[in-house]
Amino acid sequence: MPPRHNPFGQLLVALVTPFTPDGEVAWEDLARHLDAVVTGGADGVVVAGTTGESSTLTDHEKVRVVAVARETVAGRATVVVGGGAGDTAHAITHFRACEAAGADGIMVSAPAYVRPSQLGVLAHVRAVADATDLPVMLYDVPARTGVGLDLSTLLLASAHPAVCALKDADGDLARAAHLIEASDLLYFAGSDAATLPTLAIDGAGVVSVAANVAPSTYRQLLDAVAAGDLRTATSAHRRLEPLARALTTYAPPAVATKLVLHALGRIGSPRVRLPLVGPDQLAVDALRRELDRVRSLPDARTTGIHLDLEAATGGALAARHIDA
């Protein structure tokens, strides 16, 4: 079958949402970080997703994040919004508001915590996809949702005209190859470690956490694959590997990524919101060891940087949201 049009781009950044020390959204930091990753080569950003701490953002904040992203990228990149809801009606309301704010696409996973049947997941996906005119990227992340997207569910969902892509955190390359062959879903790696293997089997791209820190090196990797330059692509993959492990292994990705971005001077605070908290000393020591292994990344000179454990300790409660 002919290749499907890709409305998202190849390199998507799972964007963090910067906060002030007291837990409010740092809007200027957000705009500055958006500009940096797009200037660095990102084709798109996924805002208000897991790495963006969607579970602790209010609906109003999520919509404003979309609007700020739309204004900042100014047509240079796509804006995809994650962070749906556990009930379908709420998800529809959320994604319609994000469409009005300027989103270019939406990311839909199985409703977290609810653990619906595969028929329920399929009905949820179809109802959300019907609700807007935006392209839909499915997100299979059973470790977070409690329910995965079975192969048969993915194939049925792909028949919907709006459902055109999958971000897969499952990491099963055999299933990935089957999906790429049996459907016209655009297949995106859902973890940094799977980027090169996914591209090698004709995957469409990656939704990357580590590209928050090193977008231009990820751009180099993807461009080398497109040019058939396996040596350059493999070299970039190997150079990125300790960074990707640092940001996803020793603390939740939002926690580790904000800590590193703060150390690099790219955001003003490493603060996260409860129930996330900053890392302990053991995690910081492990992070530092991995970062000191990173070599030859012009956009991420991480060797010897100071990780500010004191600034990252604890988590913000954003008390005014409780009062509201």
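This is a predicted model: local features need pLDDT of at least 70, side-chain atom pairs count only at pLDDT 80 or more; totals for chains, interfaces and linings use all residues.
Trainee: Why is Thr-78 called buried?

Mentor: Its relative accessible area is 14%. Buried means under 20%, exposed over 50% and partly exposed in between (1.4 Å probe, protein chains only), so Thr-78 is buried.

Trainee: Which residues are in contact with Thr-78, sequence neighbours aside?

Mentor: Beyond four places in sequence, they are Pro-7, Phe-8, Leu-12, Asp-43, Gly-44, Val-45 and Asp-104, contact being heavy atoms within 4.5 Å. With Phe-8, the backbone oxygen lies 2.8 Å from a polar atom of the Thr-78 side chain.

Trainee: Asp-104 is on that list. How do you know that Asp-104 forms a salt bridge with Arg-70?

Mentor: The closest N and O atoms are 2.7 Å apart. A salt bridge needs a side-chain nitrogen of Lys or Arg within 4 Å of a carboxyl oxygen of Asp or Glu, so this pair qualifies. The pair links distant parts of the chain, 34 residues apart: Asp-104 is in the loop between α3 (88-101) and β4 (105-109), and Arg-70 is in helix α2 (residues 59-73).

Trainee: Are these two partners buried or partly exposed, and why?

Mentor: Asp-104 has 23% relative accessibility, so it counts as partly exposed.

Trainee: What about Arg-219 and Asp-223, which share helix α9 (residues 215-226)?

Mentor: They are 4 residues apart, about one turn of the helix, and their closest N and O atoms are 3.2 Å apart, which makes a salt bridge by the cut-off above. Arg-219 is buried because its relative accessible area is 15%, whereas Asp-223, at 39%, counts as partly exposed.

Trainee: How many salt bridges does the structure hold?

Mentor: There are 14.

Trainee: And where does Val-277 lie, and why is it called partly exposed?

Mentor: Val-277 lies in the loop between α11 (253-263) and α12 (281-293). Its relative accessibility is 39%, so it counts as partly exposed.

Notes. Residues are numbered from 1 along each chain as its sequence is written. Side-chain values use heavy atoms; hydrogens and water are left out. Helices (H or I, at least four residues) and strands (E, at least two) are DSSP runs, numbered from the N terminus. A polar contact is a pair of N or O atoms within 3.5 Å; within protein, one must be able to donate a hydrogen and the other to accept it, and residues adjacent in sequence count only if both atoms are side-chain atoms.
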